[in-house]
Amino acid sequence: MTMRRAVRMLAGLLAAAMVLPLAGCMPKDKAVGDTQETPEAIAHDGVDRHDIGVGFVGSARPGNAKRDASVLRSMRANDMQPFYAASNDDAGSQQKAVEGFVQRDVKVIVISVDGASGWQDVLDEARRAGIPVVLLESSITPDDRTLYAARFHIVPKDSTPKGGAYGIDDALMTIIDDKPHDKDMNVMLTGALE
């Protein structure tokens with residue numbers, strides 16, 4: 001075997017090895033964090049809660065400030081590590097924050113959407129990176145449901161909605177561990193003082 005042929009073969013093997021991990025990041029016709037339709041037969045040990053980096057893109061709307069602060073407190077109280085990015089009351093700044101969290105390689109991105117336009121590309125970027133996206137009380141409904149794992153609806157602690165509710169930490173862990181869940185999930189802010 002000549003040296004040139006050996007180098008070409010090695011280059012081909014390296015290229016194939018680099019593509020294989022990327023193929024697993026974006027599930028076909030499913031959202032990242034929303035691929036399980038039935039529970040797994042064998043339980044698996046997911047990511048430890050205290051190792052969870054959550055990218056949280058907050059809202060600039062004054063009416064949402066208290067809610068966003070409660071969401072952050074609940075995540076911290078439940079041993080998660082939220083990273084907060086404030087919005088400038090426009091979709092562009094929120095979309096840049098999502099891009100930043102993709103670069104940071106967080107485990108999940110939660111978005112409290114202010115502006116309803118221009119989300120396709122940035123949500124697709126998160127999907128290609130293998131990072132599940134959660135829309136928090138969101139005003140957007142992407143036509144492509146593979147771009148987000150779930151939509152969270154916050155419910156008061158003292159109420160029990162039909163179908164029940166998750167603690168926000170349990171809901172996020174369900175998505176991160178890719179366990180079966182509804183596309184619309186009721187969540188409670190456990191451990192957060194109102």
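Salt bridges and helix packing in a predicted model

User: What makes the pairing of Arg67 with Asp68 a salt bridge?

Analyst: In this predicted model, the closest N and O atoms of Arg67 and Asp68 are 3.2 Å apart, and since the rule asks for a side-chain nitrogen of Lys or Arg within 4 Å of a carboxyl oxygen of Asp or Glu, the pair forms a salt bridge. Both Arg67 and Asp68 are buried, and both belong to the buried residues of helix H2, which pack against strands E1, E2, E3, E4 and E5 and against helix H5.

User: Why is Arg151 called buried, and why is Asp184 called partly exposed?

Analyst: Arg151 has a relative accessible area of 7%, and buried means under 20%, so Arg151 is buried. Asp184 has a relative accessible area of 42%, which lies between the 20% and 50% cut-offs, and therefore Asp184 counts as partly exposed. The side chains of Asp184 and Arg151 meet in a salt bridge at 3.6 Å, N to O, linking distant parts of the chain, with Asp184 in strand E7 and Arg151 in strand E5, 33 residues apart.

User: How do you know whether helix H3 is roughly parallel or roughly antiparallel to helix H4?

Analyst: H3 and H4 pack at an angle of about 10 degrees, with their axes 10 Å apart. Because angles under 35 degrees count as roughly parallel, H3 is described as roughly parallel to H4. In this contact, Gln95, Val98, Glu99, Val102 and Gln103 of H3 meet Val122, Glu125 and Ala126 of H4, a set that by class has four nonpolar, two polar and two charged residues.

Terms used: Residues are numbered from 1 along each chain as its sequence is written. This is a predicted model: local features need pLDDT of at least 70, side-chain atom pairs count only at pLDDT 80 or more; totals for chains, interfaces and linings use all residues. Side-chain values use heavy atoms; hydrogens and water are left out. Buried means under 20% relative accessible area, exposed over 50%, partly exposed in between (1.4 Å probe, protein chains only). Helices (H or I, at least four residues) and strands (E, at least two) are DSSP runs, numbered from the N terminus. Contact means heavy atoms within 4.5 Å. Axes are lines fitted to C-alpha atoms, for helices over the stretch in contact, and angles run from 0 to 180 degrees between N-to-C directions. Angles under 35 degrees count as roughly parallel, over 145 as roughly antiparallel, 65 to 115 as roughly perpendicular and the rest as oblique. Ala, Val, Leu, Ile, Met, Phe, Trp, Tyr, Cys and Pro count as nonpolar, Asp, Glu, Lys and Arg as charged, and the others, Gly among them, as polar.
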